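Open the model in your viewer and keep the selection panel at hand. The stops below say what to select and what is there.

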Amino acid sequence: MLTFLATALLLAAKIEFVVPDANFSLREGLPAVQVLSLYQDSFGGLWAGTTAGLAQLGGPTIRVFGPELGLARSAVFAVSEEPSGAIVVGTSGGISRLVGDHFESVPLPPAAAQFAVRRFFRGRDGALWALAGERLLLRHFGGQWTAVGINDALAFEATDFVIDETGTVWLATRNHGLLRLTPVGTRFQKSGDFQAAPGAGVGIDHVVAWRDKIYFSSSLGVSVLPAAADGAVETLAFPRGATAGHRALAVTASGQVFVGTNAGVLTLESGTVVPVESRNERARSAAVTLLSDRESQLWVGTIESGLNLLLMGRGVRFLLADKESFRSIDVDKNGVHWISNGRRILSFRTDDQGRPVSTAEARFEGFDALTIYGIAEDPGGGLLFAMDAGVGLLPPASRAGGPLRVRQDPRFEILRDRLVTAVYRDKGDAVWAISPLGVYRVSKGATEAHSIPIPGGGNPWMGAMDAQGLLWVATRQGAMNVIDTVSERVTPVPLPSHRHVEFVAPAPDGGVVVTFENGASAFLFTSGSPSQTVTSVTLDGLSWLSVQSLQKMGETYLAAHEGDRLSQIRLNPTRIDRTILTSADLEDSDFRYLSLREGRAGQVWFALLNGIGLFDPPNAPPEPNRLRLVPDRLSFEIEPRPNILDLHAELSDPVAPRKARYRYRLVGQTDEWSLWSVDPHIPLANVPPGAYQLEVEAEDRYGRKSNPLSLDIVARAHPWESWPARLAALLLAASAAYTLYRRRVKAIEQDRLNLEAAVKAGRADLEIANHRLQELSLTDMLTGLRNRRYFSEVAEDEIGLLKRRFDERHSSGDPNRDAIFFLLDLDRFKTVNDLFGHAGGDAVLKETARRLQALIRKTDRLIRWGGEEFLVLSLDCQRSEAPEMAARMMAAISDLPFSVGPPDGVHITTSMGWAAYPLPIEGVEPLPEDVVRLADRGLYRAKRGGRNCAVGISPSAEEPLRGGARTGTVELLKDLGFSVVFTMVRGRTPAGGQDLATYRDSSSMRRPV
């Protein structure tokens, strides 16, 4: 008895389907919360008439039309289109037509001048009809509204009318039931067969036609009447408490009937009238008017909630259990569905239509949070669950029909209270569990799981077992490994460009699909065992969050990608066949958490972050709406430059108004398309004179291009930009040029005479100028020193003279009068520029030049060699004096601070290399450039020696230099062919103040970028 009661309690969970919904109200821009009428125009835009004006939905924002735009009466009872495409509305003041961006009153017959127009309807022939007041029918013919002449003595009080496929007019009245007017008749027919019930004199509220049936509503319910012949009326009663209200009707393209009442939206299902349930209970709002759009979405105009949208056109239904949302779903091999939400877990089977039956609630003992991450068949006939706190086991007996009690699997005791993200059963009946603690395997018949070591460590996070029985495991650290479930061999998988794995899912035909942290995806597979090379195919056809779930659908796959789309795709090669669902069809749900499961009869179950739904059937959406431009014209003529033309493209999408994208190009000016943008504005400015073709394309939320538009653009020219004006201007310019030419010839002759006189006087000036130019070419503009060109053109001649004197003295026994090349480089000069800018660097260079110029003799030459390098040519001196001269020059630079940076300035040191010329080596005759190269090598040694020092280079055959200098290592210069020794002289450490390195490391000041 107790078992029976427990089972009855478990079966008490009520599971039902609800549709996703959305709402448009004052916050979105609707002019009022009471919606009186709805209409979808030929371009797909939605028009909502409210008590405070008219609203147009479908673009990025809701456009509102009120009294300031010509609607003298704010309450809009009806909306439609004239055959010309102009929008017309019915108000208590008659009919108004939208002209441009404002409404104008439409002339009506005198008999209808004082009546409110509450209904429009378009017949199969395209003619527009209207109901004025309660007794007058109007028809739009020849551009005018005319009263329909009806010979009828009935004093009817009409509430609604419709025209069926045969052209018959059906009139709903409050006092005579349903009346009929045939296409060839002139009198409305009254019959007891058109009543909601035999002998019942109830008023008819609304009437609609669908194929060969007429549906009308009354206080008794919804009635169905065959339109082709006089048949019996079938009336379906409303549920208790749902009879009050306007009882508006709407029929979808598939024939599903909806009724709007004060208790919410009702629908006909299996011969009964039942309430429609929605995610946020918006279907329960009191409804005034209904509209089923081209996507079979149901729009509900309410009394006080604005405009509600029931997203049922894409075959999507959400699953609720006792009004509670669930977040994960899995299906075992017996067809049992398991859903969880962290608080409880339910199981159910489905019928052929996917409706849940045999509902039960399972008891999971020993688990803190009830969330299922995966299920697998146990070799013993039970069922395994990957849970928040371990691996659950449903015994075979409990699974077969006993109470559903799931306990911790004792074989995976090591994973108790641990997160388990997946559980699998391989072809050898071994069970695998993936947890951040590691990968564990239970062999067939074993009583305890053992760990499978992962190379390089890491915490396993996601796994997927492919059709070959290979287990692919991704770690939290982003690495990927593949495990041979037979040999337990683990092979690391090389990833493209060392990318971090964010998602992995099995591909139905083998291998896996992974998504990386940058949004790119790849298809990974092997030809056999994982010891073979893993092949990686980059899925370039899919973009950000490309693949989050895969489900086989015939020859294609159903895949969630790009974060907000569900598409049919193909692998090898990858391509998107078509997008069949977007996040806008699911209340803007986040597809990054979407997972797919196959149901019965081709249905697809999906789990999102905010619930579980059923997608049935996964068909393509209807064709995209037509694209139009506002103003709606085929050509434009714009003024001469400066000109501007601002067009507005409209691809109406009331469900997702901000998801459409646009691009355009002006052929004749450019062949390049603009970038895709959600901004519908097309600004053309400063268009040169000429004829152009403006081409516009749009893309809807499913990624499909709508019909392109092309229109002519003519930019007018200024009068002076025309060809006659240009020719006249050319002739005038030619005449003026000839006159100037004649005058110029005479002036040239006079100038020639004057020039001859001036040439003689100017030769002297030219010689002076040439001398100045030569001086400038040999002078550095910043420091005023000689430059490198001076060394090549002038200094080398002086050095050659010195060489001849050396030879003469050498022959007379006095060889020690030489030239010494000192090459200096300021230490850390880049830091000066970084800290104090180039102006500070220039100041340091000029001060360095001044200090060296004051130090050297008049016979010496100071040259700015380049950048922060200076070359000092000390002529006619002894090379033994070089260390002392180098020390003086280093001291002259480093002893006193430079006036940059802090108030006390900054000490800057220098590094130096020197070499003497000529080189008294037998058989060697280096040029002066070679000596500079020797000095540069000494400078390099000084830099490597810690800076603030000087290194001299001299042939090894010489005697050691005097002055306490120390000699370095002897080296062979391969390019000159002789050995040299290095002499180093250390500079003095600056006393007091800050040096450059200390100031750079301690100061927070930096030069602005």
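Predicted model: local features only at pLDDT ≥ 70, side-chain atom pairs only at ≥ 80, totals over all residues.

**Stop 1**

Leucine 471 has isoleucine 483 in E46 opposite it.

**Stop 2: arginine 247**

Select arginine 247, in the loop between strand E22 (234-236) and strand E23 (248-251). Is arginine 247 buried or exposed? Its relative accessible area is 11%, so arginine 247 counts as buried. Leaving out residues up to four places away in sequence, arginine 247 touches Asp205, His206, Ser217, Ser218, Ser219, Phe238, Val259, Gly260 and Thr261.

**Stop 3: the largest nonpolar core**

Which members of the largest nonpolar core touch the most other members? Of its 35 residues, they are Phe822, Leu824, Phe836, Val844, Phe870, Met912 and Trp914. At least two residues of this core come from each of strand E66 (818-826), helix H5 (829-855), strand E68 (869-877), H6, strand E70 (910-917) and helix H8 (996-1002). H5 gives the largest share, 8 residues.

Centre on leucine 824. Beyond its neighbours within four places in sequence, leucine 824 is in contact with residues including Leu852, Phe870, Val872, Ile893 and Met912. Another core, of 27 residues, lies apart from the largest one and has Tyr790, Tyr917, Val932 and Ala935 among its members.

**Stop 4: helix H6**

Select residues 882-894, the 13 residues of helix H6; from first C-alpha to last the helix reaches 18 Å, close to the 18 Å expected at 1.5 Å a residue. Colour its buried residues: Ala882, Pro883, Met885, Ala886, Met889, Met890, Ala891, Ile893 and Ser894.

**Stop 5: the whole chain**

Zoom out. The protein chain has 8 helices and 75 strands. Of its 1009 residues, 50% are buried. The chain exposes about 47100 Å², with carbon and sulfur atoms supplying 52% of that area. Among contacts with a separation of 6 or more, 53% are between residues 24 or more positions apart.

Methods
Residues numbered from 1 in each chain as written. Heavy atoms only, no water. Pairing = 2+ DSSP bridges. Helix = DSSP H or I, 4+ residues; strand = E, 2+ residues; numbered from the N terminus. Buried < 20%, exposed > 50% of the residue type's maximum accessible area, 1.4 Å probe, protein only. Contact = heavy atoms within 4.5 Å. Areas by Shrake-Rupley, 256 points an atom, 1.4 Å probe, with all protein chains shown as cover. Expected span 1.5 Å × (residues − 1). Core = buried A, V, L, I, M, F, W, Y, C linked by side-chain atoms within 4.5 Å.
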